[in-house]
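Here are my notes on the model you sent. Please read them with the structure open.

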Amino acid sequence: PSGEIRLWEPSVPCRSGHALARAGRAGAEGPAFTDNESGAAVYPEGRGFFIHPPWKEAVPAAERVRSSTWVEFDLTVPDQEGVAFRAAVAVRAGAEGKTDGIAISAEARPETGEPLRAAATAATGTPEPLDLDLSPLRGRRITLVLAAGPGPKGDPTFDWGRILEPRIVTSQRARRRIEAALPRPPVLVAA
């Protein structure tokens, strides 16, 4: 059967915070983090999260480019066919035309081995997909980090990001769809 883990639901434990280029990571338990000094913010919003990278002058411009805001989840990747992280990213109304975009990434960090990463840039209110195949990590413990930094010009102005419906999905049907698409074995006909 298909299933999903809805990361926006309050029952899913998480941490949130920011990573400043010079000062390192700081955060707290739970889905909401706001730092008045740097301007970094992340909090639940509908079926997802609002997220804004550090932008205030307390963080020098050269450091803002390498700084981010994040929300992360410790979980075991379901050991099932078609397991993946799925979400959409967009900017909040009022930011279109005022932002150069906001870079949003999903990174699956296993306890051992190399992380898997996907990224998307949101510059409009039209949702863009952010998908990450988790099949190589089936059955393993990971920390899934959703992070936001400034867009392509490194300018965090109006980077009012939204991560919409972030979830882990599985599908037992994936294998059946592949098998159905395979050609049938040849039929031998007697002459």
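1. Arg92 is partly exposed because its relative accessibility is 24%; the class lies between buried, under 20% relative accessible area, and exposed, over 50% (1.4 Å probe, protein chains only). Arg92 makes a salt bridge with Glu45, with the closest N and O atoms 2.3 Å apart. A salt bridge here is a side-chain nitrogen of Lys or Arg within 4 Å of a carboxyl oxygen of Asp or Glu. The two partners sit 47 residues apart: Arg92 in the loop between S8 and S9, Glu45 in the loop between strand S5 (41–44) and S6. Strands are DSSP runs (E, at least two residues), numbered from the N terminus.

2. Keep the source in mind: this is a predicted model, where local features need pLDDT of at least 70, side-chain atom pairs count only at pLDDT 80 or more, and totals for chains, interfaces and linings use all residues. Residues are numbered from 1 along each chain as its sequence is written, and side-chain values use heavy atoms, without hydrogens and water.

3. The whole structure holds 12 salt bridges. One of them pairs Arg167 with Glu4 at 3.8 Å, N to O. This pair links strand S13 to strand S1 (residues 3–6), across 163 residues. Glu4 counts as partly exposed, at 38% relative accessibility.

4. Glu81 and Arg138 form another salt bridge, with closest N and O atoms 3.6 Å apart. Glu81 is in the loop between S7 and S8, and Arg138 is in the loop between S11 and S12, 57 residues apart. Glu81 is partly exposed at 28%, and Arg138 is partly exposed at 31%. Elsewhere, shared partners join Glu4, Arg6, Glu9 and Arg167 into one salt-bridge network.

5. Which residues have the most contacts inside the largest nonpolar core? They are Phe73, Phe85, Ile104, Leu130, Leu134, Leu144 and Leu146, in a core of 35 residues. Such a core is a set of buried Ala, Val, Leu, Ile, Met, Phe, Trp, Tyr and Cys residues joined through side-chain atoms within 4.5 Å. Phe73 touches Leu7, Phe49, Ile142 and Leu146, among others; contact means heavy atoms within 4.5 Å.

6. The lining of the largest pocket has 15 residues, with Ser68, Ser105, Arg109, Arg117 and Ala147 nearest its centre. S7, S9, S10 and S12 each give two or more residues to this lining. S9 supplies the largest share, 5 residues.

Key: 1 Å grid on protein atoms, 1.4 Å probe; cavity = no way out; pocket = protein on both sides within 12 Å on 5 of 7 lines; lining within 4 Å. Helix = DSSP H or I, 4+ residues; strand = E, 2+ residues; numbered from the N terminus. Lists of a residue's contacts leave out its neighbours within four places in sequence.
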